[in-house]
Amino acid sequence: MEIILAEVIGFCFGVRRAIELAEASLRDGRRVNTLGPLVHNPQEIVRLDAAGIHAVERVEDVHGDTVVIRAHGTRPEVFAELRRRHLTVVDATCPFVTKSQRLAREFTRDGLTLVIVGHPDHPEVQGIRGYASHPSYVISLPEDVATLPAEIKPGVLAQTTVNEQLFLDVVTALRARFPEATVRNTVCSATRERQDAVRQLAARVDAVLVIGGRHSSNTNRLTEVCQHVCPKTFLIETADEIDPRDLLGCTRVGITAGASTPAWLIEQVVRRLQAIDAQNGGATPVQEEAPSHG
Ligand code: F3S
């Protein structure tokens, strides 16, 4: 069996930065809480918790002196409440999300109605809506465009981790109903690169393992993109979840991982695949997907 890693895999810039900022605060002797899990990856959360970086859900539950705002960002009133409580705030909002928050503020200042293409329950989306000064809308599919009020002038953004093709399809439907809509494609480059890389990978293997948290939005999008090209796509959180029977007869197995999946989990999956293959008498070369040009 040949194991092929996607060209772009694992932690994105924003998640890596958030973890580094939290770990730096810990090294400075601070008692660190994060508002919500720092990454959508249960195994990495266990590691961070053991290191002393504890996630809490609500401001009232903070028991440390320092609060890290995760890469998803949060609503402005949460920052205000943390400052009112004299807590040190480490803002690890991903700069791509900060840009969306700024656009939300500008759109509504200019009389547009914020429309986000994404998932209404996602913390990033809820945070961005907090920067809009008028009521805003979240839609997920082209058919949702019909639910928007007729009188609005939409200012449209994407949740940074949505499937870019889906975003473009929603925008096409939106423009048919609101030709004057202002649109900014805020799908982040890390999301785009991972989706492009997995599309290329899926086309040349018999099966793909997507490693990531089941609640991770970007991991679920990667899985969807991959399934379109390679029906034998399996979302796993850990190496233990690999079922060797799923890979029977596969000579090339691809691996990708969500933007919130740490390198150590990816390494464990590679080692388990090698062990499975060795039991079957294989040699298991590991390749990195060659970078594409042009
Ligand atoms: Fe930022 Fe994109 Fe990662 S928005 S947190 S770099 S998935």
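**Close-up 1. One cavity of 30 Å³ or more turns up in a search of the whole structure.** A cavity here is a set of points, on a 1 Å grid over the protein atoms alone, where a 1.4 Å probe fits but cannot get out. This is a predicted model, where local features need pLDDT of at least 70, side-chain atom pairs count only at pLDDT 80 or more, and totals for chains, interfaces and linings use all residues. Residues are numbered from 1 along each chain as its sequence is written, and side-chain values use heavy atoms, with hydrogens and water left out.

**Close-up 2. The lining of the largest cavity takes in 28 residues.** C12, V15, H72, T161 and N218 sit nearest its centre. Two or more lining residues come from each of α1 (13-27), α4 (95-109), α7 (189-202) and α8 (217-229); helices are DSSP runs (H or I, at least four residues) numbered from the N terminus. Lining residues have an atom within 4 Å of a cavity point.

**Close-up 3. α4 has a buried face.** V97, S100, Q101, L103, A104, F107 and T108 of α4 are buried (under 20% relative accessible area, 1.4 Å probe, protein chains only). Look down the axis of α4 and these buried residues fall within an arc of 160°, so they line one face of the helix; the arc is that of the directions from the helix axis to the C-beta atoms.

Close-up 4. A disulfide is a pair of cysteine sulfur atoms within 2.5 Å, and the whole structure has zero. C230 is buried at 3% relative accessibility.

Conventions
Buried means under 20% relative accessible area, exposed over 50%, partly exposed in between (1.4 Å probe, protein chains only). On a 1 Å grid over the protein atoms alone, a cavity is a set of points where a 1.4 Å probe fits but cannot get out, and a pocket is an open set with protein on both sides within 12 Å along at least five of seven lines; lining residues have an atom within 4 Å of a point. Grid points are joined across faces, edges and corners, and a volume is the space filled by probe spheres set on the points.
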